[in-house]
Amino acid sequence: MDRRLFVSDLARYAALCAVVPNVWRVTSRPRFADDPFQLGVASGDPTPSGGVLWTRLAPRPLEPEGGMNGLRTTVTWELADDEVFTKIVKKGTATAAPELSYSVHVNLEGLASDRWYFYRFMSGGATSKIGRFRTAPASGATTPLAFAVASCQHWEQGHFTALGHLAREEIDLVTHLGDYIYEYAGNSRNVRTHVGLEIRTVDDYRRRYAQYKSDPLLQAAHERCPWVVTWDDHEVDNNYAGLMGENGMESVEQMRQRRAAGYQAWWEHQPVRVPRVQSWADLSITRTIDWGALARFWVMDTRQFRDDQACNDGTQAICDTARDPKRGMLGAAQEQWLVNGLGASQAKWQVLAQQVMMAPYDAAPGDDVRVSMDQWSGYPVARDRLLNEVARRAANRTVVITGDIHTNWVNEIRSDFARPDRPVVAAEFVATSISSGGNGSDVPTARLDAMKRENPHLKWFENRRGYIKCTVDTTTWKADYRSVPFVDKPDAPIATASSWRVEHGRPGIVAG
Ligand SMILES: [Fe+2]
């Protein structure tokens with residue numbers, strides 16, 4: 001007996017008898033009045049032999065349950081060598097379940113390394129768009145890598161034009177460093193408007209993801225290649241730290257519930273190979289992604305385990321609390337995982353994929369020092385402890401990629417920022433936002449020069465929207481800063497605003 005027919009008959013039988021609990025019922029032949037694949041497809045977390053394929057059934061994305069009917073629903077997936085699916089490599093079925101907002105995560109295994117594939121999903125007679133996915137190179141290989149660094153896509157503050165351009169780049173991978181959604185209530189005076197109030201419950205977060213995922217340019221960027229995703233604060237609440245909310249209005253228990261809602265919806269909507277947990281509030285997303293022997297990505301989380309921002313948050317003089325050596329950004333377990341791993345990894349490049357700027361930025365002229373309490377500059381002891389380890393274990397083969405700050409930065413990283421005579425040991429490329437902050441502005445040369453005088457480790461700064469394209473081989477890391485001149489209207493062109501290079505084993509970042 002055909003297994004699919006059997007399952008379908010069983011579901012029909014169960015529906016008739018009504019003795020099987022609702023959550024067990026599976027409908028393998030659903031009927032959709034509207035396209036259930038309106039939120040697109042995605043892939044992520046590639047390994048040499050596999051990765052993750054993602055979709056979510058949502059025939060009416062902004063309605064409760066995305067317009068689904070409460071039944072577990074069978075989704076078929078196909079992976080092919082070719083775009084027209086004549087050479088199917090693998091196929092299978094998955095179940096989209098209401099308790100995971102009808103999301104589907106397919107864990108691919110047994111594929112050839114260093115290869116492109118095409119994939120799609122089918123359910124109830126509907127077929128999704130086609131995505132491209134590729135596996136990572138085999139463990140010893142030094143195949144070059146091209147990838148984009150993106151972050152911060154506030155729906156209301158601009159169009160995702162940069163993602164449309166990113167979808168046409170020749171790249172293997174996208175790293176998204178967080179603020180994939182924003183939690184704020186809708187404000188109709190903006191370029192586009194969030195549906196609903198500030199999001200707090202899991203259904204709120206799901207609907208917000210559904211609104212963002214409906215963007216055709218975001219979908220195109222996901223279809224282009226696999227993504228490696230982490231989160232920042234807005235996936236839960238602006239500037240939260242551990243179980244402290246933005247403005248201290250919520251109790252620890254309320255923040256636990258909110259974090260559980262935000263983390264669960266994040267897991268449901270991202271193509272990640274992150275094991276599910278009993279308690280969503282404690283979902284751990286730190287992981288490594290290897291690109292053969294060329295690069296190891298350390299996907300980090302600087303929100304969940306950090307101590308609360310010191311000195312009243314904001315941009316401040318460094319108060320005594322900030323200097324408390326017990327305060328941390330990563331938590332002890334993540335810090336040990338990273339430090340030990342940096343020493344053990346044989347990969348040519350160590351890539352710290354993380355959220356907040358690691359180099360300090362002194363915003364006050366003259367002897368006065370004022371730095372952001374939300375960035376690593378607000379945790380100077382933890383930062384210099386980590387950078388000392390980078391110096392010892394992976395000097396001048398470590399590149400930090402950063403989001404959060406909605407502007408482009410190129411920073412040389414010293415082993416100890418408290419002591420400017422210490423050597424440069426790493427490079428930091430901070431990617432601007434996709435849309436957050438709106439159009440941006442030109443930075444006059446005099447202003448950039450003044451910023452550099454105050455911050456000698458700063459090489460370049462720009463206030464436009466876009467992403468970084470990195471091209472990496474065993475000797476050179478090249479970073480092209482790709483910018484659009486506006487996001488308040490669609491169809492802005494893209495251009496390379498500035499290009500930078502790091503030579504493997506050599507300190508410093510050079511232009512060109
Ligand atoms: Fe942001």
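Q: What radius of gyration does the protein chain have, and what would a compact globule with 512 residues have?

A: The idea first: the radius of gyration is taken over C-alpha atoms, and the globule rule is 2.2 Å times the number of residues to the power 0.38. With 512 residues, that rule puts a compact globule near 24 Å, and the protein chain comes out at 23 Å, so the two agree. As for its extents, the C-alpha trace spans about 80 × 50 × 45 Å along its principal axes.

Q: What should I know about the model before going on?

A: This is a predicted model, in which local features need pLDDT of at least 70 and side-chain atom pairs count only at pLDDT 80 or more, while totals for chains, interfaces and linings use all residues. Residues are numbered from 1 along each chain as its sequence is written, and side-chain values use heavy atoms, with hydrogens and water left out.

Q: Is Trp266 buried or exposed?

A: Buried means under 20% relative accessible area, exposed over 50%, and partly exposed in between (1.4 Å probe, protein chains only). Trp266 has 0% relative accessibility, so it counts as buried. In the chain as a whole, 58% of the 512 residues are buried. Trp266 sits in helix α5 (residues 252-269). Leaving out residues up to four places away in sequence, Trp266 touches several others, including Tyr209, Trp231, Val274 and Ile285. Its C-alpha is also 8.2 Å from that of Tyr205, 61 residues away along the chain.

Q: Which phi value does Asp114 have, and which does Asp179 have?

A: Most residues other than glycine have a negative phi. Asp114 has a positive phi, near 55°, and Asp179 has a positive one too, about 60°. Asp114 belongs to the loop between β6 (103-108) and β7 (116-123), whereas Asp179 is in the loop between β11 (173-176) and α3 (202-213). On accessibility, Asp114 is partly exposed at 32%, but Asp179 is buried at 0%.

Q: Where does Val443 lie, and which residues is Val443 in contact with?

A: Look in the loop between β20 (424-430) and α8 (445-454). With a relative accessible area of 22%, Val443 is partly exposed. Setting aside neighbours within four places in sequence, Val443 contacts Leu448, Phe461, Glu462 and Asn463. The C-alpha atoms of Val443 and Arg464 are 9.4 Å apart, and the two are separated by 21 residues along the chain.

Methods:
Helix = DSSP H or I, 4+ residues; strand = E, 2+ residues; numbered from the N terminus. Contact = heavy atoms within 4.5 Å.
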